Amino acid sequence: MDLYHQNIIDHYKTPSNYGEMKGYSLVRAEYNPTCGDRLVLYMKLDENRVVDVSFTGSGCAISMAAASMLTEVIKGKTIEEVLDISKEGILEMLCTSINAGRLKCALLAWTGVREMLKP
Amino acid sequence: MLDTKHIKSNFPILKTKSNGYSLVYLDNASTTQKPKAVIESISNFYRKDNANVHRGVYSLSEQATAKYEEAKEKVVRFIGAKDAKEIIFTKNATEGLNLLAFSLGKTFLKKGDVVLVSGGEHHSNLVPWQLASQIFGFTVEAVKMTVEGRWDLGDFQNKIKTLPVKIVSVAHASNSSGVIHPVEKIVPWIREKKALLILDGAQSVPHMPVSVARLGCDFLVFSGHKMLGPTGIGVVWGKKDLLLQMEPYQGGGGMIREVHLTESTWADVPERFEAGTPPIAEAVALGVAVDYLSAIGMGAVFEHEKQLTEYALGEIQKISGVEIYGPMDMISRGGIISFGIRGVHPHDIATICDTFGIAIRAGHHCSQSMMGVWKTEATARVSFYIYNTEKDVDELIKAIGKVKRVFQIKN
Ligand SMILES: Cc1ncc(COP(=O)(O)O)c(C=O)c1O
């Protein structure tokens, strides 16, 4: 079972950076109508650096694990560094093969983060 | 049960592999597979009979027209009506419901009138009414659903009695819970109110004997592709006296009597509702699908699915951590089971099933209001047809076990 390797299941079951944030600088809701995945992303910025990030929501293992991993990756990075993360980078991060039908799930958090930080 | 070995041999796609496994197709509520006879009828039509209908004076056009009309004869008999002029061919059930919402809206409805649907409709029996209500000023109201996915009959009767209901438009059978609704209970209330009854038969006509005469509805709508037919063809059956009063839905060729530059008069029915060149080859192929189902017998189709569903419900309920949405028993239900595994999203269930060549649906099944009743975003859904077997169910059960292992769901 390629898609659902242990790391994905672990992130799904015990996600990192899960929870609402008080005193955030940015917040954004993302919705994936095909799966019904819902995410709310929170970010605290200091100048152009993401000093804290968290999320809440519910959805499939792929979307939740991707959100969890992405928040780990971007914490402490500058806005430019975050925006540099490509689609392919996300797939590499998930370390799994994803069919077209589930790509939206994998990219949900990434899409939200980019929308939040886009100049 | 049906002779599934023989039936399966008629469906080329069921011999194919999916992800290295023999395809187990359990998404029949979405669309069904097609038997050879249907597939070949399409190519035969283009090889031997192709011309436009109702237009040419030449023999080939007459031949195509005769085939098209013959398909209507087959369909009208299949649903227990007599007059093929009461059959309108559309693109699918969705277009049929749009046709009714807009044509009935324009012809019969005004501000203050109510169209009553249920809280468990497919979006295609909800959104067209919302759109038409914005133009014609009527209001859409919804009957409450029970947790099993059945109509709250008290609420149904009360709403018909107390609201200015002109049209009731409801699914005959549900695509999410599998419930077959008790139409006979609501017909007397609707008659007393002098309202019209539209049945969305997308999930009933393919799976059980349906007779409009016995049901007592005014309109019935369904899709060809959910009953072994091709995509691109749907059916509206309506009582002729009503159709004759109704305004057209779309304008174009074939639906007019006389055209002047600023106004036109309408053709008779059903031509009035079939603007432009219809899906001719698809209609002919639907006729072949109807022949195929009739040869098996719709009673036998229903019985086969019933036995499979009963078996599957029993097996699924043996697995801990699995919850079934909709009825757990066999009372007034068809071959659809919605379920979930606690701690696993339905899309992950469907993805893991897919790796074993098992096609099931996951999502809201175009009925977000029903998901609301069940307090979930989505369910996994299996739906059976004539070629499914207990072995297919066994494969599904094995896959569910695998899902639980991957997600480390202990019990
Ligand atoms: C109850 C019901 N009504 C209407 C439809 C719409 O059918 P189509 O997409 O073929 O128009 C469906 C299809 O899923 C259905 O299940």
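## Terms first

Helices and strands here are DSSP runs, numbered from the N terminus. Keep in mind that this is a predicted model.

## The largest pocket

Let's start with the pocket that draws on both chains. Its lining gets at least two residues from each of three strands: β3 (49-58) of chain A, plus β13 (322-325) and β14 (336-341) of chain B. The volume of the largest pocket comes to about 360 Å³.

In total 21 residues line the largest pocket, and Y12(A), G59(A), V344(B), H345(B) and P346(B) are the ones nearest its centre. By class, the lining of the largest pocket splits into nine nonpolar, eight polar and four charged residues.

## Where the ligand sits

The ligand takes up the second largest pocket, which has a volume of about 260 Å³. There are 20 lining residues in the second largest pocket, with H122(B), S124(B), A202(B), Q203(B) and K226(B) closest to its centre. That lining counts six nonpolar, 10 polar and four charged residues.

## Around the ligand

The shell around the ligand includes N92(B), T94(B), N175(B), S223(B) and H225(B). Sorted by class, the shell has two nonpolar, eight polar and two charged residues.

Now for the contacts. A ligand nitrogen is 2.5 Å from a side-chain N or O atom of D200(B). On the oxygen side, one ligand oxygen atom is 2.7 Å from a side-chain N or O atom of K226(B), and a backbone N or O atom of A93(B) lies 3.4 Å from a ligand oxygen.

Notes. Residues numbered from 1 in each chain as written. Chains lettered and ligands numbered in written order. Predicted model: local features only at pLDDT ≥ 70, side-chain atom pairs only at ≥ 80, totals over all residues. Heavy atoms only, no water. Near = heavy atom within 4 Å. Polar contact = N/O pair within 3.5 Å; in protein donor to acceptor, adjacent residues only side chain to side chain. 1 Å grid on protein atoms, 1.4 Å probe; cavity = no way out; pocket = protein on both sides within 12 Å on 5 of 7 lines; lining within 4 Å. Sits in = over half its atoms within 2 Å of the grid points. Nonpolar A, V, L, I, M, F, W, Y, C, P; charged D, E, K, R; others polar. Points joined across faces, edges and corners; volume = space filled by probe spheres on them. Helix = DSSP H or I, 4+ residues; strand = E, 2+ residues; numbered from the N terminus.
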